[in-house]
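Colleague: I have not looked at this one before. Can you walk me through it?

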Amino acid sequence: MTKTSYPVVWDLDVFFKGGSESEELRRHLDETKERLASLAEKFNQFETPTSVDQAEAVSSLIEEGTDISHHIRQAGAFISCLEAQDMSDHKASTLRSEVTELSATYGAAFNSFKQKLAQTDENVWQGFLEHDKLSELTFVLNEWRDAAQEQLSEDEEALISSLSVDGYHAWGQMYNTIVGGMTVNVTVDGEEKELSVGQANNLLSHENPEVRKQVYDKLEAAWKEKESLFANTLNHLAGFRLNVYKKRGWDNVLKEPLDINRMQQDTLDAMWGAITKHKQPFVDFLYRKAELLGKDKLEWYDLGAPTQENSQKLSYDEGAQFILKHFEEFSPKMADFSKTAFEDGWIEAEDRSGKRPGGFCTGFPLSEQSRIFMTYSGSMSNVATLAHELGHAYHSYALKPVHPLNRRYAMNVAETASTFAEMIVADAAVKATETKEDQIALLEDKLQRSVAFFMNIHSRFLFETRFYEERKNGFVPASRLNELTDEAQREAYCDAVNSTSSSYWSNKLHFHITGVPFYNFPYTFGYLFSLSIYAKALEEGTNYEDQYIALLQDTARMSVEDLAMKHLGEDITKEAFWEKGIELCKKDVTEYLELTSK
Ligand SMILES: [Zn+2]
């Protein structure tokens, strides 16, 4: 291994010098604000086109809009980095509100432009799609048009969106306010601590089962105490959503989430169908895990607990070399790209206090660069996280040649490149282990993920669809929400877990997110979709590289059914496709059961 020393602190000065006190950023924001005001005015005055001759004007408005949105996102990305690297940077929070306002103004102005454009007469519209600057945007433009046609009038939609601030999003914010004030008292290592629910949740994977049980009991009690408040927040935000759907004439509550993810109901049904048929191996894994923990059956609070700690430690440089070496086996281009990211200070990895927990990757559209945030403390799971985030960065890089409007991929394909990159490293890590214990720990890590996607997310999906159906007939009380949750968990986990978490409907933020409906199935989709790509890459090695890049470049300009057909030759409305990804995960179970058999 060559001796290198990559920077562990990122370089943000290339974007704006001087952090949250940056003069450059100040000027950038002021200029953007001015340009946005003039653009909003143009969007305002824009009228539904009546002649093909207006294609040029439409195109230049789109370009101007895109450029300004890039300026807003450039500032937004910079501020996210500032906030994450130092949680006490108050100036950054002030700047954050400024950018949030710019985005909201931009969003509203752009929406009204889209709505008016979408009303264009069919002949003129077809003419636009043949125009040399607009033709590459065909998919996205048609999507705007379809959406506008399925919605109410422009005035009605504008009214809904203004009422939603207090009548819809406010319920989600109310939820956050209540949760933010909740604490639980737990005793860990003889010391009593008052913890936020987020901190307490982290203790559910504590190695000591008594700590886990105590935390679980305290958390359940804390959520139970406030259940009537949460029944209100959930019922009212769901009620608002259902009412909007009803007015638009949409019966299927999944219509909106499916449209957002550019996928068909058949695809979703095939995915869950295949998963439901192949749960047995994961049930076997849960029973084996219970046995290793000295139990007949796992309790809910054992699900996140490890039976084995991985003891391997890698320095940052070693971690980087490990990633580069294994990326190289699949894609030399991805390896080269990642090397640049390591060398040029694209990554903030230092283990120091004051940083936000977790990891992310954010793009700077004007500079065509990304930045990765995480805290590297040397564990194998840190290496996997780093690979994951590099995958996200590579996705953005692969999209560079396509029009910015063709880079806006949906949530279900957003994790394609990251999961792919993480899989490469996770598999290599299992192979590179020196002891059986380490191997078990890493396999268990991988399997925990499969259980999360096939069982936990499935339970969330079952609960949420059933809840929305019942909500159509009126308010669903907390007692019924508890029952629905229990049922969904027992079903999704095939009764392999002794207890449930009845409060799950209230303690999972995802049910209360108003920005995105059904924040669950896209996770499972992304995981399995990515696994199928990985399976193909395993067969074809580096020959697959260019096909992989071509697939990434199409992630935001066609439906997922077309994407899979074009690049994988697969019909994803059929269960057979989904079974291939599940098959890879089943192999992990087989290996795990062998390694842990007595
Ligand atoms: Zn990710």
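Modeller: We can go through the metal site, the aromatic rings, a helix and the strands.

Colleague: What should I know about the numbers before we start?

Modeller: This is a predicted model, where local features need pLDDT of at least 70 and side-chain atom pairs count only at pLDDT 80 or more, while totals for chains, interfaces and linings use all residues. Residues are numbered from 1 along each chain as its sequence is written, and side-chain values use heavy atoms, with hydrogens and water left out.

Colleague: Okay, the metal. Which protein donors does the zinc ion have?

Modeller: The donors are His388 (NE2), His392 (NE2), Glu415 (OE) and Glu415 (OE), at 2.1 to 2.7 Å from the zinc ion. A donor is an N, O or S atom within 2.8 Å of the metal (3.2 Å for Na, K and Ca); water is not among the atoms, so sites may look incomplete.

Colleague: How are the donor residues spaced in sequence?

Modeller: The spacing is H-x3-H-x22-E. Histidine 388 and histidine 392 both sit in helix α15 (residues 380-398), four residues apart, which is about one turn of the helix. Helices here are DSSP runs of H or I with at least four residues, strands are runs of E with at least two, and both are numbered from the N terminus.

Colleague: Are those two histidines buried or exposed?

Modeller: Both histidine 388 and histidine 392 are buried. Buried means under 20% relative accessible area, exposed means over 50%, and partly exposed is in between (1.4 Å probe, protein chains only).

Colleague: And why is the arrangement around the zinc ion called irregular?

Modeller: Because the four donor atoms subtend angles of 52 to 138°. Four donors count as tetrahedral if all angles lie between 85 and 135 degrees; four count as square planar and six as octahedral if opposite donors are over 155 degrees apart and all others between 65 and 115; anything else is irregular.

Colleague: Changing topic. How many aromatic pairs are there?

Modeller: The count comes to 45. Rings of Phe, Tyr and Trp (its six-membered ring) pair if their centres lie within 6.5 Å; planes under 30 degrees apart are stacked, over 60 edge-to-face, and the rest tilted. One of the pairs is phenylalanine 285 with tyrosine 592, edge-to-face, at 5.0 Å centre to centre and 75° between the planes.

Colleague: Where are those two in the chain?

Modeller: Phenylalanine 285 is in helix α12 (residues 280-292) and tyrosine 592 is in helix α24 (residues 575-596), so the pair links distant parts of the chain, 307 residues apart. Phenylalanine 285 is buried, with a relative accessible area of 0%, and tyrosine 592 is buried with a value of 0% too.

Colleague: Which residues do ring pairs link into a cluster?

Modeller: The cluster holds Trp272, Phe461, Phe463, Phe467, Tyr468, Phe511, Phe518 and Phe521.

Colleague: What sits over the ring of tryptophan 250?

Modeller: The charged end of arginine 248 does, 4.8 Å from the ring centre. Lysine 255 also lies over the face of tryptophan 250, at 4.9 Å from the ring centre. The rule asks for NZ of Lys or CZ of Arg within 6 Å of the ring centre and within 35 degrees of the ring normal.

Colleague: How many residues of α2 are buried?

Modeller: In α2, 22 of the 31 residues are buried, so the helix is mostly covered.

Colleague: Last topic, strands. What order do the three strands of the open sheet take?

Modeller: The order is β3-β5-β4, with mixed pairing. The edge strands are β3 (347-348) and β4 (360-364), each pairing on one side only. Two strands pair if DSSP finds at least two bridges between them. Two bridges join β3 to β5 (residues 369-373), and these strands run parallel. Isoleucine 347 stands opposite isoleucine 372 in β5.

Colleague: And β1 with β2?

Modeller: Six bridges join β1 (residues 183-188) to β2 (residues 191-196), which run antiparallel. Valine 188 stands opposite glutamate 191 in β2. The hairpin has two residues between the strands, and aspartate 189 takes a positive phi near 50° there. Glycine 190 is in the loop between β1 and β2 and counts as exposed at 74% relative accessibility.
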